[in-house]
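Hi,

Here is the model we talked about, ready for you to open alongside this message. My notes on it follow below.

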Amino acid sequence: MELDNLDILKNIKRIEVPDALYHTIECRFEKNRENNIPILKVGIAASFVIGLMLAQFYFLGFSSEINQFNNEIELVEVNNNSLYYE
Amino acid sequence: MTYKNIYNQYKNLVFNLALQYCQNRQDAEEITQDVFVKIFDKWQTFRKDADLKTWIYRITINQSLDFLKYKQRKKRSFIISLLSSDSSYKENLLPDFDHPGILMEQDESLKILMQKIYRLPKNQKTVIILLKIEGLTQREVAEIMKLSEGAVESLFQRAKTSLKKIL
């Protein structure tokens with residue numbers, strides 16, 4: 001086949017798109033949109049959880065400092081000269 | 001611009017371009033659906049100063065090539081599972097030909113040529129389709145494919161050489 005015959009490709013007829021196709025596309029697009037998880041909402045929820053966790057760590061650390069201080073008070077040795085079972 | 005307007009303006013371009021790639025009406029309809037769903041999805045992020053037609057061409061070409069890759073992979077695995085002979089294996093990788101634009105012409109040589117084009121590497125196939133079927137200029141093809149005009153010309157020459165080998 002001669003390569004000049006590539007010009008016969010211009011004889012290919014253009015085809016009209018079936019009318020019902022737009023409706024199918026619209027339905028698929030709407031369905032996609034419903035299934036999409038909104039990134040903004042997920043981001044807000046995630047930062048809220050992270051904030052809660054950070055607050056928890058902070059307050060846990062704070063309360064453990066207080067506990068440690070209390071323990072230190074309890075461990076102070078009392079030196080007196082009284083004997084046991086006296 | 002509403003979605004309906006975009007669809008009405010570009011539906012024939014998308015459908016016919018997809019048809020040149022997959023050479024099957026049903027597949028072309030499926031690709032057209034995928035392309036418009038993608039266009040509507042990404043419409044908010046589309047830079048309005050960019051050329052809409054070029055953007056739609058790119059999406060359609062990529063979607064068609066992805067579709068062909070997926071379909072051939074599916075066919076290949078099916079054929080390998082049947083352990084068929086080599087010759088029938090290659091035949092089966094050709095499309096289920098149902099191109100209304102060619103069948104209307106009733107030109108057997110056109111059908112054969114299209115089936116040969118189907119077997120070209122993807123870039124060569126794209127250049128032939130855009131230059132010879134869509135009737136775009138070399139500059140337009142270069143812009144769509146993000147190549148230089150020289151690269152498009154060289155791809156076209158290579159495509160002709162490949163076709164000579166196949167023909």
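Helix 1 of chain A and helix 1 of chain B are oblique to each other. In this predicted model, the two helices cover residues 21-35 of chain A and residues 3-22 of chain B, and their axes cross at roughly 135 degrees. The axes come within 12 Å, and the crossing is right-handed.

Next, the backbone. Most residues other than glycine have a negative phi. Is Gln23(B) buried or exposed? With a relative accessible area of 0%, Gln23(B) is buried.

Lys146(B) also has a positive phi, near 55 degrees. You will find Lys146(B) in the loop between helix 8 (138-145) and helix 9 (149-166) of chain B. Lys146(B) counts as exposed, because its relative accessibility is 63% and the cut-off for exposed is over 50%.

Finally, have a look at the surface of chain A. A nonpolar patch there is formed by Phe48(A), Val49(A), Ile50(A), Leu52(A), Met53(A), Leu54(A) and Phe57(A), which together have about 750 Å² of accessible area. Val49(A), one of these residues, lies in helix 2 (residues 39-74) of chain A. Its relative accessible area is 44%, so Val49(A) is partly exposed.

Best wishes

Notes
Residues numbered from 1 in each chain as written. Chains lettered and ligands numbered in written order. Predicted model: local features only at pLDDT ≥ 70, side-chain atom pairs only at ≥ 80, totals over all residues. Heavy atoms only, no water. Patch = residues over 30% accessible without salt bridge, like charges linked within 9 Å, V, L, I, M, F, W, Y side chains within 5 Å. Areas by Shrake-Rupley, 256 points an atom, 1.4 Å probe, with all protein chains shown as cover. Salt bridge = Lys/Arg side-chain N within 4 Å of Asp/Glu carboxyl O. Helix = DSSP H or I, 4+ residues; strand = E, 2+ residues; numbered from the N terminus. Buried < 20%, exposed > 50% of the residue type's maximum accessible area, 1.4 Å probe, protein only. Axes fitted to C-alpha atoms, helices over the stretch in contact; angles between N-to-C directions. Parallel < 35°, antiparallel > 145°, perpendicular 65-115°, else oblique. Left-handed = near helix turned anticlockwise from the far one by under 90°.
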